[in-house]
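Trainee: Could you walk me through reading burial and helix geometry here?
Mentor: Happy to; let's look together.

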Amino acid sequence: MTDPELSPAAPAGGDGHLQAHRAHRHDDGGRYGSAVEPASAPVIVRALVARGSGAELRIERVRLPAPGPGEVRVTIRAAGVCHSDLSMVNGTLAARFPLVLGHEATGVVAEAGPGSRLRIGTPVVLNWAPACRACWWCRRGEPWLCADTTAPTVPRGETDDGVPLHLTLGLGALAEAVVVPESAVVPIPAGLPTAQAALLGCAVLTGVGAVRNTARVAPGESVAVVGLGGVGLAVLSAARRAGATTILAIDVAEAKRDLALAAGATDFLLSDDRLAKEVRARTESRGVDHAFECVGRAATIRAAWRLTRRGGGVTVVGMGAKDDMVSLGALDIFHSARTLRSSVYGSSDPDREVPVLARELVDGSLDLGVLVSGTMSLDEAPVAFDRLARGEGARWVVTLD
């Protein structure tokens, strides 16, 4: 793909710049250098745009501002289609329109604003939740709970017909390029397969982090994973690598069986009225040590709760609607001694953990091939959303190389 053209138009106002937080970096590997002066005009790119909740998704030309202080323009090479993107357009999450979709992507730094330390040509993964590094949560080592959390949709730029534009999670990554704070990108090694590298910043980091950081699954323990989209499959893979011996994959679709077994499950179970009995039959009548809910619905959270042994842990990874209330009996909570917790962004620090995952991808210890159900062009991106809505596959990836 050729680099997006620079528009001769003057920069549009009201683009709502995110604060350019400066994330702490460790070994820069020669990726940081002197800043390059930004262009004096915005960038015109093609992007996947939703004009309203439930509206038809269309590829449109949109105008993004030139990089400001501490910002970079990234040419997108590949972007995953995540269920959170679907939630933006189906009304599950509150969104403002028109909206550029996408937040899980990899690309290359094409331009740097004043004060940026990133070199042109640096391959990066996008980070949809850059930490401020200054709030109470960040200072105590919990950057995934940063007080300056990115809003679901962030105003920036405008459509080609002059309407103020919004970006999903401050990124809008299903586009030819994005303009973001330097803190919203994480440098990675060159040469990674782009379709797999795109998943590092959301599905993989979320799923692997839920196992490693939140639940801390130990060798010999048992695991159940409810919901087998991209994140659920990443949880399965991480549980296998953590040494879990019983790994039960659960979904409503029989078509997910082969994907689940390839990702590391020891068995696949359909979610039906016999589910709790089937799980107990495979765990000496106790239930699993860890249940991971990767759907984001009250019904599946309750199901995960019932699958877990007394004293076990339920980790909610899926993000659901605010009015979908979970009801548990007070006596059940006391008697079962189970722990119910969420895993926000895998309880991870992307600046530190994405490079670790990238190295594992390089050395072959992390295999993400099973997560990529297929690739398609930007023009075909609406098809990926249709497939996601039908529950088909794991992750569909839009490639722009």
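Mentor: A residue counts as buried under 20% relative accessible area, exposed over 50%, and partly exposed in between, using a 1.4 Å probe and protein chains only. By that cut-off, 55% of the chain's 401 residues are buried. Keep in mind that this is a predicted model, where local features need pLDDT of at least 70, side-chain atom pairs count only at pLDDT 80 or more, and totals for chains, interfaces and linings use all residues. Residues are numbered from 1 along each chain as its sequence is written, and side-chain values use heavy atoms, leaving out hydrogens and water.

Trainee: How many helices and strands does the chain have?
Mentor: Helices (H or I, at least four residues) and strands (E, at least two) are DSSP runs, numbered from the N terminus. The chain has eleven helices and 18 strands.

Trainee: What span does helix 4 reach from its first C-alpha to its last?
Mentor: The expected span is 1.5 Å times one less than the number of residues. Helix 4, residues 203-215, reaches 17 Å with its 13 residues, close to the expected 18 Å.

Trainee: Where does helix 4 bend?
Mentor: A bend is the angle between axes fitted to the seven residues ending at a position and the seven starting there. In helix 4 the bend is about 40°, at Gly-209. Just after the helix, Arg-216 has a positive phi of about 55°.

Trainee: Is helix 4 mostly covered or uncovered?
Mentor: Mostly covered: eleven of its 13 residues are buried, including Val-204, Leu-205, Gly-209 and Thr-214.
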